[in-house]
Amino acid sequence: MTISNIDIGDVRASVDRAIEELHDSLRKVNQGIWSNPELAFNEHHAHDLICDFLEKQGFTVKRHAYGLNTSFEALSGTGGRLVNFNAEYDALPEIGHACGHNLIATSSITAFLGLSFALRKYGIPGRTQLLGTPAEENGGGKAELINAGAYKGVDISLMAHPGPRKLFADQGDAEGIAGTLMNARKKIICEFTGKSAHAGGNPWDGINALDALISAYNNVAVLRQQILPEQRIHCAFTDVPTVANVIPEYTKAYWQVRSPSLKGLNNLVSKVRNCIQAGALATGCEVKIEEEELYTDVRLNDKLCESYQAHMGQYGRKVLKRHEKVLTASSDIGNVSYVTPTLHTMFGIPTPENTFPHHPTFAASAGTDGAHAEAVVVGKSLALIGWDMISNDQLFTTVHQQWRDEIERDD
């Protein structure tokens, strides 16, 4: 059988049947991740649960892959192009899966299974990779995986992120958006060092590291008046004095800086550094500044968006091609989009009114049967995009040309 003779409707039906047979097992995996939330780089239960499930389905799994203890890799197929699916499964402190990463894992596992079964059934050359990507919330797991070579040879990268359906309320009856712009983000860590002295006896002999930190914070607060509406700057104090009668000699904090483009982020980061350095200058403290965890913006690809929109339409879901408004959140999938053509879609799940990500009500919604059902539909659609990329040479070429044009546009 030649690829040109294979009807996409038959492929879809084959994927549907294969995934339906695993419905109960997939639901248990989803529930197991959701009910055992784990933080960045500590997703041991999720790692083992997914790996055990994949091995029971006959796949060979590389555990603790690419030097990350809670990453894994499963590969299937032979020859041809390589389609990657990203499984996230880290949670948030205290509020669990309030970003729905259990559903990201579910949709990517579903996609990997669906495409693997289709390639096996029709016997065409092509490969698929399911990559466990820890620490998206904090830590930049995908960035570390890129550096370790996990995406080397990947031709297309696909994943989907859940959100409340009301996020798309301004777009009529849409149930998701194929392409969503997201902010680039960088973490800035600063440490101020002064000189200790008795606050009551001889404060003039001290150099106050808390004053330096507070001055820096206020400088950044003033800067916020002149930043773009989509830009964001957040701060957390991580080491501050706990007594009042000693001039503190050391303080530490970190900022997260966000901007719609990598160029804009670099410009904003330089301004934040100036604010921090000014705090040190004003107080006489020494300051150490380090930059970490670069999350780039996401490079959208119209052809991938159109493919997702079309496949979701076959499952009765109305999906917008793209949203020009920047979603001011950030993700390390942006880093992947600079390495290979990437789709990071947003899909809606049932939630109560006034529900937003990173809130306990969304965490509760992410564990429901309705949310699971949507993640499975999304996963099957991602599998079919993978099929398109492997079987359709013209479409694959167009996707890669669009990606190159997008990257070069901002060089």
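The model is predicted, so local features need pLDDT of at least 70 and side-chain atom pairs count only at pLDDT 80 or more, while totals for chains, interfaces and linings use all residues. Residues are numbered from 1 along each chain as its sequence is written, and side-chain values use heavy atoms, with hydrogens and water left out.

Two packed helices are described by the angle between their axes and the distance between the axes. Take H2 (residues 23-34) and H4 (residues 101-122): they pack at about 150 degrees, with axes 9 Å apart. Axes here are lines fitted to C-alpha atoms over the stretch in contact, and angles run from 0 to 180 degrees between N-to-C directions. Helices are DSSP runs (H or I, at least four residues) and strands are too (E, at least two), numbered from the N terminus. That angle makes H2 roughly antiparallel to H4 (over 145 degrees). On the H2 side, the contact (heavy atoms within 4.5 Å) includes Leu 26, Val 29 and Trp 34, and on the H4 side it includes Ile 109 and Leu 113.

Now for H8 (residues 302-314) and H11 (residues 369-391), which pack at about 130 degrees with their axes 9 Å apart. This makes H8 oblique to H11 (the class left after under 35, 65 to 115 and over 145 degrees are taken out). Among the contact residues are Tyr 308 and Met 312 of H8, plus Leu 382 and Asp 388 of H11.

Finally, UniProt's unreviewed entry puts "domain: Peptidase M20 dimerisation" at residues 190-278; such annotations may be inferred rather than shown by experiment. Over residues 190-278 the chain is 36% helix and 29% strand, with the end C-alpha atoms 12 Å apart.
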